[in-house]
Amino acid sequence: MKLKKLFAAAMAAAMSFSLVACSSNSTSSTTDSSKSSAPASSAASTTNTASSSTDTTPAGGTLKVGVKDAVIGFGYKDPATGEYSGLEIELAKKIADSLGYEDVEFTTVTAATRTELLDSGDLDCVIATFTITDERKKSWDFSTPYYTDAVTVLVEKADGITDLSGLVGKKIGVSTGSTSAYALVKTMSEKGLLGDYKLPEDSKSFDISSFNEKGTTFEQYGDYPAISNAMTAGTVDAFCVDKSILATYKSDDRDYITDQFSPQDYGVATKKDSPLSAKIDELIKGWLSDGTIDGLKAQFNLD
């Protein structure tokens, strides 16, 4: 009888050890991402999904956010420390804190990858100098704009280009997936710089790769540093995107053209009809009203 009791106790201990070992070896992995701790709300649940059938917003857990990593002031990743900084990084942390998440996980995105990662569920939201357009609002939800910029063009001073007319016959670098090329062509066309060119109704119908009017063409690149390097190498004559992004690549040898066009409203993007959409919009409106976002603009020299 004693032997049976001893055997049963030994088996129970072995099973307990096995369960602990299994739990301690369980890990999750992410790609090209970095976590930043955000204080959890006292009302946060320890589970990853809310119990309400009408609200599936995770409570506790990790908010997965797509951000830029090479736009100083908005989203910049320090190559030495791996830490992200900028207005959009701080907004992500504040959103996570306000909604009761325990952590924020940043994933670097580009204009070409941000929507596919959002659609796939790899990201909960995107805060990455993402311009709100009527066309994009058909596919994703956007918050009230937290920042408004304009498109312009960066050139080498030595080339003597000072305005839009100087871009005729030039090759211009743009980011894959952005609307910058369409915005530039629209403005040049309205100024009569492209002859009788007929502009498509929207950017979706605009074929960047085949565009060639009066020798003016575009070259697409996967990220902003690549465009900057191409301009240094003479592969392209100019770099077109939002002015706030171009500020990172301006130098003593480079300058903006005099023209600024196509106002760009940046918003927080979420999947269509996501339970996060209305909550994030409410937060952004509140921070615009109470001066929080103005404070972040001043902090990162964006005002």
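Q: Hi! How many salt bridges does the structure hold?
A: Eight salt bridges. Keep in mind that this is a predicted model.

Q: Okay, can you show me one? Which side chain does E90 meet in a salt bridge?
A: That of K93, with 3.6 Å from N to O.

Q: And where do E90 and K93 lie?
A: Both are in helix 2. They sit three residues apart, which is about one turn of the helix.

Q: Let's stay with helix 2 for a moment. At roughly what angle do the axes of helix 2 and helix 9 cross?
A: Roughly 145 degrees, and the two axes come within 9 Å. Helix 2 covers residues 87-99, while helix 9 covers residues 292-299.

Q: Is that crossing left-handed or right-handed?
A: Helix 2 passes helix 9 in a right-handed crossing.

Q: Which residues make the contact?
A: From helix 2 you have L87, E90, L91 and K94. Helix 9 brings T292, I293, L296 and K297.

Q: New topic: pockets. What volume does the largest pocket have?
A: About 710 Å³. Its lining is made of 29 residues, and T133, E135, R136, T179 and S203 lie nearest the centre.

Q: Which strand gives the most to that lining?
A: Strand 14, with four residues. Strand 14 spans 261-266. Helix 3 (114-119), helix 4 (134-137) and helix 5 (180-190) each supply at least two residues too.

Q: How does the lining of the largest pocket split by class?
A: There are nine nonpolar, 11 polar and nine charged residues.

Q: What about cavities, how many of 30 Å³ or more are there?
A: Two. The largest cavity has a volume of about 90 Å³.

Q: Which residues lie nearest the centre of the largest cavity?
A: R114, T129, T131, S178 and D242, out of 14 lining residues.

Q: And how do the residues of that lining divide?
A: Into four nonpolar, six polar and four charged.

Terms used: Residues are numbered from 1 along each chain as its sequence is written. This is a predicted model: local features need pLDDT of at least 70, side-chain atom pairs count only at pLDDT 80 or more; totals for chains, interfaces and linings use all residues. Side-chain values use heavy atoms; hydrogens and water are left out. On a 1 Å grid over the protein atoms alone, a cavity is a set of points where a 1.4 Å probe fits but cannot get out, and a pocket is an open set with protein on both sides within 12 Å along at least five of seven lines; lining residues have an atom within 4 Å of a point. Grid points are joined across faces, edges and corners, and a volume is the space filled by probe spheres set on the points. Ala, Val, Leu, Ile, Met, Phe, Trp, Tyr, Cys and Pro count as nonpolar, Asp, Glu, Lys and Arg as charged, and the others, Gly among them, as polar. Axes are lines fitted to C-alpha atoms, for helices over the stretch in contact, and angles run from 0 to 180 degrees between N-to-C directions. A crossing is left-handed if the near helix is turned anticlockwise from the far one by less than a right angle, and right-handed if clockwise. Contact means heavy atoms within 4.5 Å. A salt bridge is a side-chain nitrogen of Lys or Arg within 4 Å of a carboxyl oxygen of Asp or Glu.
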